[in-house]
Amino acid sequence: MKRASLILCGVLLVLEMLGCGLVFERQQPAREAPGTTEICLWKGDKQAAISLTFDDALLGPTQTYVQLLNARGMQGTFFVPTDWIDNPDAEIKDYANVDVDHGTWADWRAFAAHGHEIASHTHTHPHLAELESEDVIREELNLPKQILERELAPLRCLTIGFPYGSSDERVQRIAADYYIAGRAPQGINAARPPDFFAIKRLGPRSNTALTTMTGWMDEAIAECGWLMVTFHGIDGVAWEPLSRERFIQFLDSVQNRREMLWVAPFVSVVKYIKEREDARVSDVSVDAEKITFQLTDDLPDDIYNESLTLITYVPQAWTRVLVMQGKNWQRVDVSRDDEATYVLYEAVPDQGHVRIRPIRYIDK
Ligand SMILES: [Zn+2]
């Protein structure tokens with residue numbers, strides 16, 4: 001059956017190179033017992049995750065980005081230096097951001113209303129690792145969180161992109177007092193990032209070829225990993241702007257890989273990973289009419305509320321089920337192949353018992 005797991009991904013890459021075409025085949029011969037539940041590596045049982053991120057609160061480019069993302073049902077992460085918003089007197093030292101419109105809080109509220117993450121990019125966009133005073137670093141990390149959570153209430157501000165990728169152990173330690181993750185250096189992330197305050201990213205420059213950018217995605221898919229792409233300007237505005245045409249080509253390449261890629265904001269992927277690694281299934285009860293169990297974790301529920309994708313193996317006779325958790329319910333078709341009969345669905349840790357019942361149709 002179609003299932004991405006860390007071990008399988010490695011094994012099956014070899015098979016793929018041999019051309020045997022078994023990339024998604026499940027390896028275990030035995031049929032799983034009904035009631036057995038697994039947490040998928042990525043939401044929707046996709047093979048990899050991708051986060052599209054946009055730096056420096058560039059109003060004009062963001063209007064373009066948001067329109068193009070919305071048209072494809074994608075949500076991005078926008079890193080905002082809070083001192084630059086609604087502030088004509090801001091002292092902007094970064095040459096690429098001088099004389100660029102950074103918008104008002106009303107603009108950023110409107111972008112957030114489409115489900116995009118508005119995240120911290122510090123207050124004044126300094127090279128954090130070059131600051132001597134810990135108090136100044138703390139101010140640069142704390143203030144934007146306070147401002148964003150005030151201006152965009154009730155939304156939370158839980159992630160930060162360090163300007164210029166400038167961070168060190170001291171910066172990351174202080175950042176952990178305010179955020180759940182930070183974005184810093186270059187590369188593609190493993191499915192289990194070793195350090196949530198050094199989440200890697202790759203970003204195109206104006207002359208980066210489309211094939212280079214799609215190669216990043218294909219590498220993430222091959223590794224079952226997480227690619228974060230960083231964009232700045234577009235249409236000649238700001239640092240290393242892409243042409244609109246190139247950006248659209250890239251988004252369409254993401255769209256073409258959507259079967260394999262979970263496209264989600266920075267914060268959603270961090271929550272998913274931490275919940276996936278911490279959550280456990282217990283109190284399993286199985287009979288002919290229902291499967292019930294508990295999905296719990298030890299993370300704070302006010303932050304970690306991202307739904308996990310679960311696979312539960314069900315009796316062979318079931319064809320459609322109702323999955324209920326608290327007040328939420330989903331109707332899900334049962335999937336089956338030579339080795340397993342199962343349902344794929346969403347549940348949130350610590351939100352009550354998960355109950356799965358077959359839907360039976362009465363012949364008339
Ligand atoms: Zn920046």
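Reader: How much of strand S8 is buried?
Author: In S8 (residues 226–231), 5 of the 6 residues are buried, so the strand is largely enclosed by the rest of the structure. Buried means 20 or more other C-beta atoms within 10 Å of the residue's own, with C-beta atoms placed from the backbone; exposed means 12 or fewer, and partly exposed lies in between. Strands are DSSP runs of E with at least two residues, helices are runs of H or I with at least four, and both are numbered from the N terminus.
Reader: Where do the numbers and cut-offs come from?
Author: This is a predicted model, where local features need pLDDT of at least 70 and side-chain atom pairs count only at pLDDT 80 or more, while totals for chains, interfaces and linings use all residues. Residues are numbered from 1 along each chain as its sequence is written.
Reader: Which way does S2 pair with S8, parallel or antiparallel?
Author: Parallel, over 6 bridges, with S2 covering residues 48–55. Pairing requires that DSSP finds at least two bridges between the strands. Ile-50 has Leu-227 in S8 as its bridge partner.
Reader: Other topic. What is the strand order in the open sheet of 4 strands?
Author: The order is S1-S12-S16-S15, with antiparallel pairing. S1 (37–39) and S15 (335–336) are the edge strands, each pairing on one side only. S12 (residues 308–313) and S16 (residues 341–347) share 6 bridges, and Ile-311 is bridged to Leu-344 in S16.
Reader: And Arg-276, buried or exposed?
Author: Buried, because 20 other C-beta atoms lie within 10 Å. Arg-276 sits in helix H8 (residues 266–278).
Reader: What does Arg-276 contact, leaving aside neighbours within four places in sequence?
Author: Ile-39 and Leu-308, a contact being two C-beta atoms, placed from the backbone, within 7 Å.
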